[in-house]
Structure formats: structure tokens, C-alpha cells
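The following exercises ask the reader to work through a protein model step by step. Each task sentence is followed by a worked solution.

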Amino acid sequence: TTDDSMSTGGAVAPLGMDQETLAHVGTLLQNTISAQDSARKSAAAELEALSSRPNFAGILLMIATSGTPVGPSAAISLKNLVRKHWKESDDTDYVLGLNDKNLIKEQIVAALVQSKPNIRRHLSEAVKLVSQHEFPRQWESLLPALSGQLAASSDLDLIEGVLSTMHSLFKRYRHDERSDELWKDIGLVLAASHEQLLNAAKKCSQGLDGAVSSGDKKSVEKFANIMTVLSKIFKSLTAQEFADCFADNVNDWMTFLQISLSHSGLEAAFPLDPNDEEDDEVTPLIKLRKAAISCLCQVAEKYEEDFKPFLPAF
């Protein structure tokens, strides 16, 4: 059995990674949203048949980043392919081969980075699905690739997308049972990402000041959203233990949380009406404050000695 044999049915011929195959799969994806019922069913059936052949995942990635109208459909198909066929289960008749799995792990971050938000969110979900089985020890390249984007990019949409992907990877650390293996995993994560996360928090605080000064409410909202995700990541990565990298930089992290709670520019951009008790609108400011308060409550409860010097500021 070869690396790209399916778990049932033996080896199958790989698809060619050529323009003709790309065009054919693209047409099938387009036909899945056809107004004609017969065309939709026929396209869906052929795509299902092709999905078990090696290189299909790579073709979907290429189409997702091609800039064509079927890009979102390709990203959704890839996400569903990963969900159904990464691991053997009672609900699947084949498992993706090793070469296809490696191709996805090697190329999906680059695809996510160059995609528009409507495609990026599906690729981010695919990363999350793969990470449930592979991260961090069998996908050591993932975090350096994501963290590198935080350092290299000034695109706020991309930064938010990358951080949201990272949040989806780390959130489980809030609830997983403590163990040596878990702490080793968190140690790997912190070594690969803490510096970039802290720098992102500092850059966001500075960027927020600039956006407020220029009256750019759209950017103020974007920075608030990014800071909300950063707060959630902070909570996940400090849920088990207040690691040395956080203790060594506790001043910077507490400053970030203080800004999240009390920056006057955020209050000006998203004013709260104290007389409107019926106002259920969840503004970016409310989301950010909720995330920051949740972090502070966790730190105050679990790491009182680390937090005590900063209590008067809050």
C-alpha cells in the first residue's frame, strides 16, 4: 500500500495538477450552485467521486486562491474534505493519503494569507479541524507560519484572521486536564508564538491611538476586534499556568488589558447610553471589555501574587 492509498479500496490514480483538471473541477464547483437540479446533482456526484483521488485537496487549494468566483466553493469543499476524511471513522469510506495531508499542512497557511476574508474563514476552519488531530507535535510548522504573519503583515483583516485561527488552536487549554504532556504542548506553543503575540498587542495599542487621532472609526473597530481576540488568547495560554514568558512581561500585558478596558477613544467611538437599560446591542467595546475582564478575573483568582501590584490600576 502506498502513502496515497485510501484506507479502503486500495490505490487509486492521482489527479493531474494541470490547467485542464483545474478548469474541470472549477466547472463542477460552479455547477453545484446551478439553478438546474439535475446539474447540481450530477456535479456533486462527480466531485464526490473525485474527492477520493490523490491531489484533489491540492486542486481545491489552488482553486481557492485563484481569485475566481468558485474560490469560496473550493474552500468549503476542502474544509468538508478535511472534516470527513482526515481520520478513519464509521462515517467515512476512505481516509486522505499521507501525501495529501502533508500538502495541506504545508500550503494551507500560505493559502489562508493570500485569500480574501470570505475564503479565509473556511480555510481557517480547515486548519482548526486538522489541528485537532495533528497540532502541535505533528504540525510543528503551523505556529511559526502563523506567528510570522503577525510580524510581517500590516493588513488588519489578515491579522484578525490569523489571530482567530490561533485562538481556535489554543482555546482547549482552558479546559483540558492538567498533565505533563499538556504542559509540554503549551510550552511548544509559547516558544513559537508568545513574542509575536506580545508585539501584536503593543502594535494594536499604538495603532488604536493613531486611528482615534485620525477619527477613523472603521479602524478603531478593527483594532478593538483584534484586541478582543488577543485577550481571549491570553486567557487560554494562562489558564493552566502563568508561564515565565508572561511573568517576565506582566507589565506589558497588564498595560494592554488596562487599555482594553479604559481607552477613551474606544468609549468615544462606541458610546454607551447609561439611560438605555434595554439596549442589547453588543458593540466592539462591550466585547473587548468582556474579554479583558475575563482575563483579569482569571489572573486575580489564580495568580494573586503576580496580579497584586497592578490591582490599583484597575
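## Exercise 1: A buried lysine

K235 is buried but forms no salt bridge, and the nearest side chain of opposite charge, E301, is 8.8 Å away. Here, buried means under 20% relative accessible area, exposed means over 50%, and partly exposed lies in between (1.4 Å probe, protein chains only). A salt bridge is a side-chain nitrogen of Lys or Arg within 4 Å of a carboxyl oxygen of Asp or Glu. For charge, Lys and Arg count as positive and Asp and Glu as negative, while His and the chain ends are not counted.

The model is predicted: local features need pLDDT of at least 70, side-chain atom pairs count only at pLDDT 80 or more, and totals for chains, interfaces and linings use all residues. Residues are numbered from 1 along each chain as its sequence is written, and side-chain values use heavy atoms, with hydrogens and water left out.

**Task.** Determine with which side chain K235 makes a polar contact, and which residues K235 touches.

**Solution.** 
1. Locate the residue: K235 lies in helix 10. Helices (H or I, at least four residues) and strands (E, at least two) are DSSP runs, numbered from the N terminus.
2. Search for polar contacts, which are pairs of N or O atoms within 3.5 Å; within protein, one must be able to donate a hydrogen and the other to accept it, and residues adjacent in sequence count only if both atoms are side-chain atoms. The side chain of K235 makes such a contact with the side chain of S294, at 2.6 Å.
3. List the contacts, defined by heavy atoms within 4.5 Å. Leaving aside residues up to four places away in sequence, K235 touches R174, S294, C295 and Q298.

## Exercise 2: Salt bridges

**Solution.** 
1. R137 pairs with E181, the closest N and O atoms being 3.2 Å apart. Because R137 lies in the loop between helix 6 (117-134) and helix 7 (142-152) and E181 in helix 9 (residues 180-214), the pair ties together parts that are 44 residues apart in sequence. R137 is partly exposed, with a relative accessible area of 38%, and E181, at 43%, is also partly exposed.
2. D157 forms a salt bridge with K222, with 2.7 Å between the closest N and O atoms. This pair links distant parts of the chain, since D157 is in helix 8 (residues 156-170) and K222 in helix 10 (residues 217-237), 65 residues apart.
3. R289 forms a salt bridge with E267, with the closest N and O atoms 2.5 Å apart. R289 belongs to helix 14 (residues 284-302) and E267 to helix 13 (residues 264-269), so the pair ties together parts that are 22 residues apart in sequence.
4. Salt bridges that share partners join R137, R172, D176, E181, K184 and D185 into one network.

## Exercise 3: Backbone exceptions

**Task.** Identify which residues a cis peptide bond joins.

**Solution.** 
1. Most residues other than glycine have a negative phi, and most peptide bonds are trans.
2. A cis peptide bond joins F135 and P136, with omega about 0°. P136 lies in the loop between helix 6 and helix 7.
3. Phi of N55 is near 85°, a positive value in a residue other than glycine. N55 lies in the loop between helix 2 and helix 3.
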